[in-house]
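Dear colleague,

Please find below the structure that I am handing over to you. My notes on what was found in it follow directly after.

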Amino acid sequence: MVYLIVFVSIYLLITIYLSYLGYRRTVTVSDYLLAGRQVHPLVMAMGYVSTAISTSAIIGFGGISGVYGLSLLWLTFLNIFVGVWVAYVLFGKRTRKMGKALDAHTFPELLGRRYESRFIQGFSGLVILFFMPMYASAVLIAVSRFVEVYLKIPFASALLGFSLISACYVLWGGLKGIFYTSVFQGAIMIVVMIILGISTYVLAGGPTEAHRSLSMLTPAVPEALREMGHRGFASMPAFGSPIWWYVVTTMIMGVGIGVLGQPQLSVRFMTVKSDQEIHRSIPFAAFFYLSITGLAFLVGALTNVIFHNHFGRLALDVAGGNIDKIIPLYVDHFYPPWFVALFLVTLMAAAISTNSAQFHSLGTALSRDFFEQALMRGRSVAETTIVTRIGIVFGIFATLILGLVLPEGIVAIATAFFFGLCGATFIPSYLFGLYWRKATKAAARASMLSGFASSLTWMLFFHEQESKAIGLCKALAGRDTLAPLPWKMIDPQVIALPLAFAVFVLVALMTEPVSEETVRKAFKHI
Amino acid sequence: MSCGMQSNSTMLKYLDFWVAIGLLAALLSFFFCILYSVMRWNKGFEEKHGDYKAEIQWEREEIELIERLP
């Protein structure tokens, strides 16, 4: 407990100082601007990655790896190739230039101005407002699970306590210094994850012995999982099996591709000063992804070896079937108290950096995107400030309620849900907006609506994971899903994203592009 | 060098083919990112000497937006 108090105090003091620094910088804007600020590439990469990677990756996806094994390493590949290279080079550079040219400050605003559509901006804002709390709650649940295990308190108390900390941070000035604090938070995450990764391999007897032991555990995989395609923790699931579809389409592709449509990440490119900063920060971001998610997934799978060596049981069994408890129980059982406390601070840092960006997006989605554009028809009014606060408070409450009602083992699922929904709704319009001068307003509207609607329909009636949990399909049709295998295991994004792309192209070929003046302005620096 | 490669292949031999490919793909994409960055390390700076007006306008509004946050 002493370690926890010491580490938390040091962490909070540094965070408060950095928030103050961020605030001071923003009030001396003139000098700051004219000096031509150049953000160090390490700083830019760390800020971006700490927003992108949260407790969900470490606890939720680490736990998923504890159940399904090292197949999750494909997600690390997508994290680096899609989440860094594609996001920075193919999306980031043009987002920066187009964002500045169109004077856009939020992701929905970029889409709205590119397509001259208040509807697009307002609709995008509403999607963020109503669905981002699901992802924010996943982040909170993950850290609360660790607190539950570490402090031996009920989960609900841990969730309420951490929500209070997060709310205080966000409402009392944390958002102003978001850029500076997220860098500090990212640095903690990287150092602690590297220590965790190395020590896990040491505990498991070194890399070769660890992998050998992991492959030897295949016969211990429960029969129920083997029947669904599980072939051991060092293997991919059997091709085409229910688990293969689940791991590949939801856990790997849903998050790996859906990251491109994440509003709180895309907006970060607009704050960059030049392409040079983007070029230079790429290797740092790639390294952070490799060391945080790569190690989280390796550690997740290897927990099976260590639990089996000590207790003769697999990780999921030790966690009582709750995937989200695998990493917390592993750290709590096998590490000294000082490291457990440090790990909790790391999770706090990961949760707060992501939550801050999420609540920031929620606030501006309601005020700037929905209220100002869709309701006030573009008029900037004094009430916007209060509406921003209402958006943030709504987001905090929605997140808290979801955190209390969502079932166990939900962290990775809720994250994949939000990434998939954003991917299907936003990616086609975003990509074509950046690259295709003849992209039309009607195409963007039709693509976004079809991506969103097909995603939701697939979740409610076909994808068993959600349709069973929600129960609407059972109420209307008397069964959990309308789809047979393998369709009921295929992630909504796999259906909705290609559909949204096709709709965009078809409608764009039949309708008029946006005005020449807007196109010229949007592509001015490209 | 050959000793390092041997230890890597020993590490990988217990992994299924597609998992090993996934691990290698992650490492290769990381090295690709480094290579891409090194090749463009000094590129993309020239625009800073160009038109600042739009950027300054954008920054002003961004600051106003941040000021409205709690």
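The contact between the two chains takes 54 residues from chain A and 39 residues from chain B; two residues are in contact if their C-beta atoms, placed from the backbone, lie within 7 Å. On the side of chain B that touches chain A, the elements giving two or more residues are α1 (2-13), α2 (17-39) and α3 (53-67) of chain B. Of these, α2(B) gives the most, with 13 residues. Helices here are DSSP runs (H or I, at least four residues), numbered from the N terminus. By class, this side of chain B has 23 nonpolar, six polar and ten charged residues. Ala, Val, Leu, Ile, Met, Phe, Trp, Tyr, Cys and Pro count as nonpolar, Asp, Glu, Lys and Arg as charged, and the others, Gly among them, as polar.

Please note that this is a predicted model, in which local features need pLDDT of at least 70 and side-chain atom pairs count only at pLDDT 80 or more, while totals for chains, interfaces and linings use all residues. Residues are numbered from 1 along each chain as its sequence is written, and chains are lettered from A and ligands numbered from 1 in the order in which they are written.

Two helix pairs within chain A deserve a description. Helix α7 (residues 118-151) of chain A packs with helix α19 (residues 411-435) of chain A at an angle of about 160 degrees, their axes being 8 Å apart. Axes are lines fitted to C-alpha atoms, for helices over the stretch in contact, and angles run from 0 to 180 degrees between N-to-C directions. The angle makes α7(A) roughly antiparallel to α19(A) (over 145 degrees). Among the residues in this contact are A:Phe131 and A:Tyr135 of α7(A) and A:Phe417 and A:Phe418 of α19(A). The contact of α7(A) with α19(A) divides into 14 nonpolar, four polar and no charged residues.

Helix α4 (residues 55-68) of chain A and helix α14 (residues 275-311) of chain A have axes 7 Å apart and pack at an angle of about 45 degrees.

Finally, A:Gly83 is found in helix α5 (residues 73-101) of chain A. A:Gly83 is buried, with 30 other C-beta atoms within 10 Å (20 or more count as buried). Beyond its neighbours within four places in sequence, A:Gly83 is in contact with A:Ala52, A:Leu78, A:Val259 and A:Tyr289.

With kind regards

Terms used. Parallel < 35°, antiparallel > 145°, perpendicular 65-115°, else oblique. Buried ≥ 20, exposed ≤ 12 C-beta atoms within 10 Å, placed from the backbone.
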